[in-house]
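Q: I would like a close look at a single part of this model: where it lies, which way its residues point, what stands beside it, and how the rest of the fold is arranged around it. Please take it step by step, with the cut-offs behind each term.

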Amino acid sequence: AYEPVIKEAIDIMKERYGITPDIIISQFGAGILYNEIVQYCKDNSIKTEIIPVAVGTQTTAADKIYPSFWVDQVSGLEFMGTANSKHIKYPSTIYGIEDWELGRVLGLFSGKIDAEISGLAGFAILYRLNSLLGRNVKNKNILVINTGNGIPNFIEGKNTFEQKVEKRGLI
């Protein structure tokens with residue numbers, strides 16, 4: 001279901017920048033997107049590290065990435081913690097994000113990227129990657145999967161509103 005999004009994102013990196021991702025950050029709700037990213041990278045011999053992120057409470061603004069049944073202890077994700085996936089093809093450690101981190105991302109990308117809050121979750125953990133992975137990722141090629149409709153808009157530097165206005169001939 002997500003393979004076109006994964007393929008498009010990786011193709012854009014290859015075409016525009018001549019690189020493939022060293023690290024891919026994706027949302028983890030039921031683990032489907034994560035599993036498909038792992039499978040796509042295996043099928044296409046892309047050597048990358050995949051970092052799944054989720055929230056640890058149902059009362060979050062990003063409720064689509066609340067993994068309830070799909071991790072060993074969902075409460076472990078609270079307070080920027082971790083949990084281990086279960087019942088999925090490719091087991092992984094899932095990294096917890098908080099609403100305040102998501103709010104920070106919304107503020108940073110306001111007017112620049114069009115996505116629902118769950119779709120922006122990967123951006124929320126970027127500032128913590130060095131400490132999470134125990135190494136400097138400054139020179140790594142990082143791809144954040146946004147399951148919203150913002151990938152081409154963000155790269156092109158236009159938000160959806162600007163595109164709609166442009167199509168109507170107002171710009």
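A: **Strand 1 and the sheet around it**

From strand 1, the side chains of Ile 23, Ile 25 and Gln 27 point one way while those of Ile 24 and Ser 26 point the other way, and all of these residues are buried. Here buried means under 20% relative accessible area, exposed means over 50%, and partly exposed is in between, with a 1.4 Å probe and protein chains only. The model is a predicted one, in which local features need pLDDT of at least 70 and side-chain atom pairs count only at pLDDT 80 or more, whereas totals for chains, interfaces and linings use all residues. Residues are numbered from 1 along each chain as its sequence is written, and side-chain values use heavy atoms, with hydrogens and water left out.

Strand 1 covers residues 23-27, and because five of its five residues are buried, it is largely enclosed by the rest of the structure. Strands (E, at least two residues) and helices (H or I, at least four residues) are taken as DSSP runs and numbered from the N terminus.

On one side, strand 1 pairs with strand 2, residues 49-54, in the parallel sense and over five bridges, where pairing requires that DSSP finds at least two bridges between the two strands. Within this pairing, the residue of strand 2 that stands opposite Ser 26 is Pro 52. Between these two strands the chain passes through helix 2, residues 32-43, and the resulting β-α-β crossover is right-handed; that is, with the strands pointing away from the viewer, the path from the first strand over the helix to the second runs clockwise.

Strand 1 is also joined by three bridges to strand 5, residues 142-144, and these two strands run parallel. There, Ile 25 has Val 144 of strand 5 as its bridge partner.

These pairings belong to an open sheet of five strands in the order 3-4-2-1-5, with mixed pairing. Strand 3 and strand 5 are the edge strands, since each of them pairs on one side only. From one strand to the next the twist averages 30 degrees, and helix 2 packs on this sheet, touching both strand 1 and strand 2, with a direction that makes about 155 degrees with that of strand 1. A contact is counted when heavy atoms lie within 4.5 Å, and angles run from 0 to 180 degrees between N-to-C directions, along lines fitted to C-alpha atoms, for helices over the stretch in contact.

Tyr 95 of strand 4 stands opposite Thr 82, and Thr 93 of strand 4 is the bridge partner of Asn 84.

The loop between strand 2 and strand 3 (82-84) holds Phe 79, and Met 80 lies in that loop as well. Phi of Phe 79 is near 55 degrees, a positive value in a residue other than glycine, and phi of Met 80, likewise a residue other than glycine, is positive too, near 60 degrees. With a relative accessibility of 71%, Phe 79 counts as exposed, while Met 80, at 33%, counts as partly exposed. Although Phe 79 and Gly 96 are 17 residues apart along the chain, their C-alpha atoms are separated by 7.2 Å.

Of its 171 residues, 46% count as buried. Among the contacts between residues at least 6 apart in sequence, 62% join residues at least 24 apart.
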